[in-house]
Amino acid sequence: STVLSIYVFSVVSTGIHGVSTVSHVSVKQGGSITIPCLYHHGSEKHVKYWCSGYFFHFCSTLIRTDSQSASNWLSIADNVTTRVFTVTMKNLQLGVSGYFWGAVEKGDTTHLYLSVSTGTAGLYVDQQHVTGVEGQSVTVNCNYSNSGGFCWCRLGGSCMERSVGNLDGASVEIKRIRANGKKVMIVTMSQLKIKNTGWYWCAVGDLQIPVHITVSQPTTTQSNTTITNQNNGGTDEKRQERTQSLLVVLVIPLSLLVVLIAGTLVTLKMFRKHKDKKAKDQPPNTPVQSADSEQNITYSTVSHTRRTAQQAAKPDVVYSTVAAHQR
C-alpha cells in the first residue's frame with residue numbers, strides 16, 4: 001500500500017507553483033493526444049504556453065494562448081472557469097518524442113514525457129472525451145500492453161487504487177480483463193453528478209492517459225425513459241406474481257388428476273390379472289352349469305315285456321311310468 005501510494009504520487013507532475021498534469025504518455029505514430037494542465041487560482045488572466053526541451057529554461061516555445069500561430073498539428077485552449085488549459089497535438093511522428101513543458105506566465109510550470117511508437121501505444125483510449133448523464137453511468141476502456149500498478153484519478157484531485165470505491169461522490173468500479181488478445185482496464189463511474197465533469201486519467205505502470213468526462217442533466221426524453229423503465233419494472237413484477245399464482249392454481253388440480261388416473265390404471269391392471277388367473281385355474285372342456293338347469297328335469301322308468309307267439313302279430317307296446325320331480 002505504501003509503495004503504491006508513492007507510485008500514485010510520482011505519476012503526477014506538479015510544478016512548484018501548483019500546475020499539474022500527467023507525467024508520461026504514449027501515442028502511436030500518426031495519432032493525436034490532448035494534454036490538460038491544471039493551474040492554481042489567481043492565474044486565470046496570465047498567458048499559458050507550451051514548449052519542448054529537456055530543461056525548461058532552454059525549451060523552445062511552440063504555442064501561446066495570446067498569439068496562436070497557424071499550425072496543423074498543435075493547438076492550445078484555456079478554460080478560466082475550470083482553470084485548465086489544454087494542448088492538443090495531432091499527427092505525431094517519431095521525432096516528436098521527448099520532454100514538453102506546460103507553463104503559466106510568472107513562472108508556474110509542469111512537464112511530461114511524450115513517447116511516440118511505431119506500434120500500438122503502451123496505454124491508450126479510443127476516445128479522450130466521453131459524456132454521461134446525471135444519475136447514470138459512464139465507462140472508459142483503457143487499453144494497455146505494459147505492466148504495473150493501476151489507478152483512476154481526477155486531475156488535481158484524489159485517486160482510487162481499489163477495484164471498488166468512490167471518487168468525488170460517484171461510485172467507481174475498476175476491472176482488468178483480457179479480450180481479443182488485448183489487456184483492458186475498464187473504469188465504470190456510476191451515480192454521476194454534475195460536479196463529476198472534468199479531467200481524469202487512468203494509469204498502468206509508469207504510463208497515464210487523460211480522459212475528459214462531461215456530465216449533463218437528463219433531458220425530458222431521458223427522464224421519461226427512466227420513469228418508463230421503472231414502471232415497466234413494476235409491471236413485470238406484478239405480471240410475474242400473477243403468473244406464479246396461476247401456476248399454483250393449475251398445478252394442484254393437475255396433480256390430483258394425475259394421481260386419480262394412476263390409481264385407475266393400477267386397479268384395472270389388478271382386475272385383469274385376477275381374471276386371467278381365474279381362467280387359468282378352471283379345468284379345460286368343463287361345461288359350467290347353473291343351478292337353474294336342474295329345475296325342469298323329468299325322470300322316467302321304462303320296462304320291456306317279452307312277447308309270446310300269439311302276441312307277435314300285435315304291435316309293440318311300451319308301457320312306462322312317468323314321474324315328474326320338482327325341486
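Mentor: R154 and D168 form a salt bridge, with the closest N and O atoms 3.1 Å apart. That term is for a side-chain nitrogen of Lys or Arg within 4 Å of a carboxyl oxygen of Asp or Glu. The pair links distant parts of the chain, 14 residues apart: R154 is in strand β14 (residues 150-154), and D168 is in the loop between β16 (164-167) and β17 (170-179). Strands here are DSSP runs of E with at least two residues, numbered from the N terminus.

Trainee: What should I know about the model and its numbering?

Mentor: This is a predicted model, where local features need pLDDT of at least 70, side-chain atom pairs count only at pLDDT 80 or more, and totals for chains, interfaces and linings use all residues. Residues are numbered from 1 along each chain as its sequence is written, and side-chain values use heavy atoms, leaving out hydrogens and water.

Trainee: Is R154 buried or exposed?

Mentor: R154 is buried, at a relative accessible area of 16%, while D168 is partly exposed at 31%. Buried means under 20% relative accessible area, exposed means over 50%, and partly exposed is in between, with a 1.4 Å probe and protein chains only.

Trainee: How many salt bridges does the structure hold?

Mentor: Five. One of them joins the side chains of R64 and D66, at 2.9 Å from N to O. R64 is partly exposed at 23% relative accessibility, and D66 is partly exposed at 46%. Another is formed by K175 and E173, whose closest N and O atoms are 3.7 Å apart.

Trainee: New topic: where does N146 lie?

Mentor: N146 is in the loop between β13 (138-144) and β14, and is buried at 16% relative accessibility. The side chain of N146 reaches the backbone oxygen of V204 at 2.6 Å.

Trainee: And what is N146 in contact with, leaving aside neighbours within four places in sequence?

Mentor: G122, K183, V204, G205, D206 and L207. Contact here means heavy atoms within 4.5 Å.

Trainee: Now the sheet: in what order do the five strands come?

Mentor: The order is β12-β20-β19-β14-β15, in an open sheet with mixed pairing. Two strands pair if DSSP finds at least two bridges between them. At the edges are β12 (129-133) and β15 (159-160), each pairing on one side only.

Trainee: How many bridges join β12 to β20?

Mentor: Five, and the two strands run parallel, with β20 covering residues 207-216. Within that pairing, T131 stands opposite T214 in β20.

Trainee: Last one: why is β4 described as largely enclosed?

Mentor: Because six of the six residues of β4 (residues 33-38) are buried, the strand is largely enclosed by the rest of the structure. Both faces are covered, with I33, I35 and C37 buried on one side and T34, P36 and L38 buried on the other.

Trainee: Which strand is β4 joined to by six bridges?

Mentor: That is β8 (residues 84-89), and the two run antiparallel. L38 stands opposite V84 in β8.

Conventions: Helix = DSSP H or I, 4+ residues; strand = E, 2+ residues; numbered from the N terminus. Polar contact = N/O pair within 3.5 Å; in protein donor to acceptor, adjacent residues only side chain to side chain.
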